[in-house]
Amino acid sequence: MSDAALLEIEDLSVTYRTAKGPVEAVRGVSFTLGREKLGIVGESGSGKSQTGRAILGLTDGNGTVHAKTFRFAGIDLRHASERTMRSIRGNRISMILQDPRYSLNPVMPVGRQIAEAFLVHHRTSQRDARQRALNMLEAVRIRDPERVYRAYPHELSGGMGQRVMIAMMMIPEPDLIIADEPTSALDVTVSLQVLAILDRLVTERGTGLVFISHDLELVASFCDRVLIMYAGRIVESCAARDLAEAKHPYTRGLLNSLPKIDRPVAVLPTLDRDPSWAG
Amino acid sequence: MLSVRHLDVRFGRNEDAVHAVRDVTFEVGRGASFGLVGESGSGKSTVLRAIAGLVDRWTGTIEVGGEALGAERSKRFRREVQMVFQDPYGALHPRHTVDQILKEPLEIHRIGDRDDRVMQALAEVGLDERFRFRFPHQLSGGQRQRIAVARALVIEPKVILLDEPTSALDVSIQAEVLNLLQRLRRERSLTYVLVSHNLAVVSHMCDTLAVMRDGEVVEGMAVEALRSGTPTHPYTRQLFRAASGYDADLVASLVDDL
């Protein structure tokens, strides 16, 4: 299993019906994912989040998903029933979103929410689930798990909230995690600490990670491989450490438009969008 | 142009009081650009809001152009000092057209030639007349931020307070807005105070900066010290290293209470 691809996607498209006609949010996206950290970068509207949501079967009702191949761990997601999807979602593929304040239930202590994530997919006692949740809180480096277990989401800082989210997403021991801007709402040092926790859990458990982000430098330093999306398509893919030497003019343009701390320029280069990039 | 001395801001009362800004002092010369850097809760935005008159209770001295500010801000102050906010989606009235948005400050300050001034402000931020009668929802994030800048400029202020002006924008759009702000500062000898969590943006935009933490300035420096990576305070050095991306060894070395 370890060598087989976790996710195989060929020619994925996501199309939305709108009042102004169909909008193709994702067009002809193909990639395979093993037990690795794959970054998907792009600007707003590039289709990076829509790609992540399609994998989980979370495309909104007015959207349709097409693909030649769309397989997760051998399961054909194109023909998966809603029942099958429910058994996959949360259990085998889980998702971490940007802002824990909107992703956690505000009126339930966070410990119970983590335990529930385990109970939904496993037959076990409440006591066992509680113990697993406490262990998981410890695994995400929360110093006082008993106290945090009883805390409500509003009582947690952003960094704590996001660690709780990671605990909740990791507790069913999924094969694949889709993290959509998981640290964009956090301060830079907190963000790095949260990523270190995610990194360790993903590496120890051999989980696949799709890391969706607008932050090129973060993805280059955190992931193994990167896909760059523009207008719904993948325009380039490369090893994360080679991102600085990316070839595509769009990727180059994005990298150049970033101000650098140590290399001041009078005027920042801006992006001249070539219609051919949208293909 | 702008002088802040011993600024203190407290929110709440008694045991719930939060001492958000503690004894902050800095000076910004005419035509200079000053950066306030820090993480969330450091008090950097509160300093900016105190200058703008958006915080009720503060102590210390704030002077703009030699005039000490009181609790009530004069009309002259409001004409000389303008602010651009982080979220271009929240800062513009959703049911006002660009034309109405840009005319409102002109009406408040009883300035004539409004049509000409609106057209000129639009041109200066790189938008043409087609945008004049659009509503904010018909604009992209970058276009909205340009309108917010145009609204600040239209009454010809001397100081512009910028609160994370590009952190809600894509990087390619950020570059355009930063270039725009730089050009306007040059052409109009504007004085900027820029609040940002992004060291690279501050390095690009500012001459001097102060690093804040827990309401206090931990270090003030010329931008050259930031660019050369030689800040002296350990907290600033940690921020500097964290800005270079993910590094497991770095994370292990992070200290919470520098």
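Hi everyone, thanks for coming. Please keep in mind throughout that we are looking at a predicted model.

Let's begin with chain A. Its secondary structure comes to 10 helices and 11 strands. The radius of gyration is 19 Å, and the globule rule gives 19 Å for 279 residues, so chain A is as compact as a globular protein of that length. Of the 279 residues in chain A, 46% are buried. And if you take the contacts in chain A with a separation of 6 or more, 66% of them join residues 24 or more positions apart.

Now please zoom in on helix α4 of chain A, residues 110-119. How many of its 10 residues are buried? The count is 8, so α4(A) is largely enclosed by the rest of the structure. Those buried residues are A:Val110, A:Gly111, A:Gln113, A:Ile114, A:Ala115, A:Ala117, A:Phe118 and A:Leu119. What do they pack against? Three helices of chain A: α5 (126-139), α6 (145-150) and α7 (158-170).

As a reminder, two packed helices are described by the angle between their axes and the distance between the axes. For α4(A) and α5(A), the axes come within 8 Å and cross at roughly 115°, and the crossing is right-handed. On the α4(A) side, the contact uses A:Gly111, A:Ile114, A:Ala115, A:Phe118 and A:Leu119. Facing them from α5(A) are A:Ala129, A:Arg130, A:Arg132, A:Ala133 and A:Met136.

A:Ala231 has a positive phi of about 50°, although it is not a glycine. You will find A:Ala231 in the loop between β10 (225-230) and β11 (233-239) of chain A. Is A:Ala231 buried or exposed? It has 20 C-beta neighbours inside 10 Å, so A:Ala231 counts as buried.

On to chain B. Here we have 10 helices and 10 strands. The radius of gyration is 19 Å, close to the 18 Å that the globule rule gives for 258 residues, so chain B too is as compact as a globular protein of its length. The C-alpha trace of chain B spans about 55 × 40 × 35 Å along its principal axes. Buried residues make up 43% of the 258 in chain B. Of the contacts in chain B with a separation of 6 or more, 65% are between residues 24 or more positions apart.

Chain B has a helix pair to show you as well. The axes of α5(B), residues 141-153, and α6(B), residues 171-188, come within 10 Å and cross at roughly 15°. That makes α5(B) roughly parallel to α6(B), and the crossing is right-handed. The contact draws on B:Gly141, B:Gly142, B:Gln145, B:Arg146, B:Val149 and B:Leu153 from α5(B). From α6(B) come B:Ile173, B:Glu176, B:Val177, B:Leu180, B:Leu181 and B:Leu184. By class, the residues of this contact are 7 nonpolar, 3 polar and 2 charged.

There is a positive phi in chain B too: B:Asp23, not a glycine, has a value near 50°. B:Asp23 is in strand β2 (residues 18-28) of chain B, and with 14 C-beta neighbours inside 10 Å it counts as partly exposed.

Finally, the interface. 29 residues of chain B are in contact with 30 residues of chain A. Which elements of chain B each supply at least two residues of the side that touches chain A? They are α6, α7 (199-205), α8 (223-227), α9 (234-242) and α10 (248-253). The side of chain B that touches chain A divides into 15 nonpolar, 9 polar and 5 charged residues.

Terms used. Residues numbered from 1 in each chain as written. Chains lettered and ligands numbered in written order. Predicted model: local features only at pLDDT ≥ 70, side-chain atom pairs only at ≥ 80, totals over all residues. Buried ≥ 20, exposed ≤ 12 C-beta atoms within 10 Å, placed from the backbone. Helix = DSSP H or I, 4+ residues; strand = E, 2+ residues; numbered from the N terminus. Contact = placed C-beta atoms within 7 Å. Axes fitted to C-alpha atoms, helices over the stretch in contact; angles between N-to-C directions. Parallel < 35°, antiparallel > 145°, perpendicular 65-115°, else oblique. Left-handed = near helix turned anticlockwise from the far one by under 90°. Nonpolar A, V, L, I, M, F, W, Y, C, P; charged D, E, K, R; others polar. Rg over C-alpha atoms; globule rule 2.2 N^0.38 Å.
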